[in-house]
Amino acid sequence: MIENKSQEEQELYREINLKEVFYDLWIGKKIILSVTTFFLLVSIIISLLLPNIYQSKALLNPVNEGGGLGTAFQSLSGLAAYGGIDIASMENSQITDKALEKLNSLSFFSNNFLPNIYLPNLMAVKSWDSKTNTILYDKNIYDVSSKEWVRDFDFPQTQIPSAQESYEDFIDYFLEVTTNKKTGFISISINHKSPLIAKEWVELIVEELNRFFITEDKSEAIAAIEYLNEQMAKTRFTEVKEAIAELLQKKIQELTLMEASNFYVLEYIDPPVVMEEKAEPFRPTIIIVGSILGLFLGISLVLLRKYFLK
């Protein structure tokens, strides 16, 4: 009997406490409503001030024939087949890894990407006007009329953004690269306030990646051809000359393929397009989250004033 009575008293006490809490919240409803409304208005203003960000994406496939790795793997494919080794998947993985490492490197950004873009489009864009298709630049960073950088900076920064500073912003805020481990497909995306610039930069990256590997392998192939021709002239043995001639033929074929295709390492499965819809910000989400935060803060203020301060 005593235990049952104690439990009933506890339940009654809890019920009374809950009633007191709800009563206190009702009394402080003006505070809760005011704080919630304030946060709602602030979140609306913030969401409207945030510029639209557009994303352009390309889906790419590693080209088996591309790159110096392709030739090396092809020569081993017959032998590897007997051991149950999938040379094709190994080749794709190697080409993908090599292309991605180069894409994310400072040297590729400095030598292949940065010289082909307008730097203010990377470091000084404020917004994009869809009606006039014009980019608006931050006047505190770049003066369009004088075409001069006017931003404030601290050491080690310089008045004109350096390649290293620009590279960090590009990797952190603009470029997104993902790889499908099952298929080996590569997705390269650019997030920008202008959908036109986003598409243009994705195309530029793919073009320059292919150009880089073509140039690299072409110089190696030309050097190999020159060396083989020298050895051909020196040797007197027919068998050796035939072997060298076969190697020369392969190198000449490689050069021909390099000249014939623009997609030497990566080819499009789905090319980039100018997106009509923005990727971010998610304005309704910002407003909802801001309102919920305001509601919780208002409730907390009422309860703290009632219980904690007393």
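The structure holds five salt bridges, a salt bridge being a side-chain nitrogen of Lys or Arg within 4 Å of a carboxyl oxygen of Asp or Glu. The model is predicted, so local features need pLDDT of at least 70 and side-chain atom pairs count only at pLDDT 80 or more, whereas totals for chains, interfaces and linings use all residues. Residues are numbered from 1 along each chain as its sequence is written, and side-chain values use heavy atoms, with hydrogens and water left out.

Arg 151 lies in the loop between strand S5 (148-149) and H7, while Glu 165 belongs to helix H7, so the pair ties together parts that are 14 residues apart in sequence. Helices (H or I, at least four residues) and strands (E, at least two) are DSSP runs, numbered from the N terminus. Arg 151 is buried at 10% relative accessibility, and Glu 165 is buried with a relative accessible area of 14%; buried denotes under 20% relative accessible area, exposed over 50%, and partly exposed the range in between (1.4 Å probe, protein chains only).

Lys 199 and Glu 203 meet through their side chains at 2.7 Å, N to O; both residues lie in helix H8, four residues apart, about one turn of the helix. Lys 199 is partly exposed, with a relative accessible area of 22%, as is Glu 203, with 31%. A salt bridge also joins Glu 208 to Arg 211, with the closest N and O atoms 3.3 Å apart. These two residues are three residues apart in helix H8 and are thus separated by about one helical turn. Glu 208 counts as buried at 7% relative accessibility, whereas Arg 211 counts as partly exposed at 41%. Glu 207, Glu 208 and Arg 211 are linked in a network of salt bridges.

An open sheet is formed by four strands in the order S6-S7-S1-S8, with antiparallel pairing; two strands pair if DSSP finds at least two bridges between them. Strands S6 (175-179) and S8 (266-270) stand at the edges, each with a single partner strand, so one side of each is left without a neighbour in the sheet. From one strand to the next, the twist averages 30°. Strand S1 (residues 54-62) pairs with S8 in the antiparallel sense over four bridges, and Pro 62 has Leu 266 in S8 as its bridge partner.

Two helices lie across strands of this sheet. Helix H7 (residues 163-174) lies across S6 and strand S7 (186-192), running at about 105° to S7. Helix H8 (residues 195-234) lies across S1, S6, S7 and S8, running at about 140° to S7. For these angles, axes are lines fitted to C-alpha atoms, for helices over the stretch in contact (heavy atoms within 4.5 Å), and angles run from 0 to 180 degrees between N-to-C directions.

A search of the whole structure finds 15 aromatic pairs. The rings of Tyr 137 and Tyr 142 have centres 6.1 Å apart and planes at 65°, so this pair is edge-to-face. Rings of Phe, Tyr and Trp (its six-membered ring) pair if their centres lie within 6.5 Å, and planes under 30 degrees apart count as stacked, over 60 as edge-to-face and the rest as tilted. Tyr 137 is buried at 16% relative accessibility, and Tyr 142 is buried at 5%. One aromatic cluster is formed by Phe 109, Phe 113, Tyr 167, Phe 170, Phe 174 and Trp 201.
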